[in-house]
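These are my notebook entries on one protein structure. I set down what I looked up and what I found.

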Amino acid sequence: MKSISLFPAVVRVGLLALVAAGCESSSHHHHEHHGHGAHSANAMSAASTPTVSVNTDGVFTPAPPPAPQQDTGAGVGYDKTPVIPGQKWRVHDKDRPVPPIVTPGARFSHGAPPPSDATVLFGGRDLTQWELSDGKPAPWTVMNGFFQVAPKAGAIQTRQEFGDCQLHIEFATPSLVEGSSQGRGNSGVFFHADFEVQVLDSYNNRTYADGQVGALYGQWPPLANPVKGPGEWNSYDIVFEAPRFDTAGKLSRPGYLTVILNGVLMHNRKELNGPTHHQVVDPYKPYNSRGKISLQDHGNTTRFRNIWVRAIGEYN
Ligand code: MG
């Protein structure tokens, strides 16, 4: 630590803040994810410069890490719902721990242009690729480059059906924060009508773990909570593998979801135990493994933009 004294005081404090930040970080990928690393370092040095303290023994107390988001409360959820098959928790278990909060990088796939083989489901202008469940035109509100839920109009679904697919979709929960738990910025991305990746304002908003943003609703909480604040755009990159059924209608392969939110892995090919429904455990219903993608109307004016989907190819 002697060499430290060669630096002017201001530089010294800055360096120590960075050293402290590096030591404290549990990430071994600090330099692999440029955006996140730079973001952390900036946030860390900005936050800690005024508060690093140096005592007479040369022991340094780092500033606390920035905490833009905090767990805001006690468990919310249920204690009489069925136990989830293969797990020790009940559906929406009020005692199930919530995943750690992660501050995402400033952007990841936000604004990502579609690849040449993608089907563009919303490019910024119109909802011609979408419909109501009865086939009527989607009545949600298109604004400047995005659209938002028209509460009580009902869910919208794609006109086309898809099988196994890769979906890119961006969402922003309302900047005016209203409601709590499941009532705040709730929507959802549904595959084949039955499998929901939750959309929710989980920024300082406690709900049951398997119902927060990124949850495979009622089955698996996400591995992390990297949601951005109300009104900010989040990017989802999702791989959906539909369940398969044999000719007798028996499940031959479950469905799987892989989900990245704002560059943070939420699920790594996580197995679905059936449809993702509220408060219940539902068995798979056989179908042809193709279906529509739909967006939930849960009464909140959540916004969406830049939506495209690709079929998953086959290896040679
Ligand atoms: Mg939902």
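Entry 1. Which residue of strand 16 is the bridge partner of F191? I looked it up: the bridge partner of F191 in strand 16 is I293. I note that strands are DSSP runs of E with at least two residues, helices are runs of H or I with at least four residues, and both are numbered from the N terminus. I number residues from 1 along each chain as its sequence is written. The model is predicted, with local features needing pLDDT of at least 70 and side-chain atom pairs counting only at pLDDT 80 or more, while totals for chains, interfaces and linings use all residues.

Entry 2. I then checked how far the confidence extends. The pLDDT, which is the predictor's confidence in each residue from 0 to 100, has a mean of 84 over the protein, and 76% of the residues reach 70 or more. Over residues 1-53 the pLDDT is below 50. Beyond near neighbours in sequence, this stretch has 50 contacts in the model; two residues are in contact if their C-beta atoms, placed from the backbone, lie within 7 Å.

Entry 3. I recorded the overall make-up. The protein has two helices and 17 strands. Of the contacts with a separation of 6 or more, 65% join residues 24 or more positions apart.

Entry 4. Five strands form an open sheet in the order 4-7-16-9-10, with antiparallel pairing. Strand 4 (130-132) and strand 10 (195-199) are the edge strands, each pairing on one side only. From one strand to the next the twist averages 25°, where axes are lines fitted to C-alpha atoms and angles run from 0 to 180 degrees between N-to-C directions. Two strands count as paired if DSSP finds at least two bridges between them. Strands of a sheet pair through backbone hydrogen bonds, either parallel or antiparallel.

Entry 5. I followed strand 9 (residues 187-191) to its partners. With strand 16 (residues 293-295) it pairs over three bridges, and V189 stands opposite L295. With strand 10, strand 9 pairs over five bridges, and S187 has V199 as its bridge partner there. Strands 9 and 10 form a hairpin with three residues between them, and H192 in the turn has a positive phi of about 55°.

Entry 6. Is strand 9 largely enclosed or open? Five of its five residues are buried, so strand 9 is largely enclosed by the rest of the structure. A residue is buried if 20 or more other C-beta atoms lie within 10 Å of its own, exposed if 12 or fewer, and partly exposed in between, with C-beta atoms placed from the backbone. S187, V189 and F191 point one way, whereas G188 and F190 point the other way.

Entry 7. I looked at V189 in particular. Leaving aside neighbours within four places in sequence, its contacts include I169, Y236, I238 and I293. The largest nonpolar core has 43 residues, of which V189, I238, L257, V259 and L261 touch the most other members. Such a core is a set of buried Ala, Val, Leu, Ile, Met, Phe, Trp, Tyr and Cys residues joined through C-beta atoms within 7 Å.

Entry 8. R269, in strand 15 (residues 264-271), has a phi of about 45° and is exposed, with 10 other C-beta atoms within 10 Å. S289, in the loop between strand 15 and strand 16, has a phi of about 70° and is partly exposed, with 16 such atoms within 10 Å.
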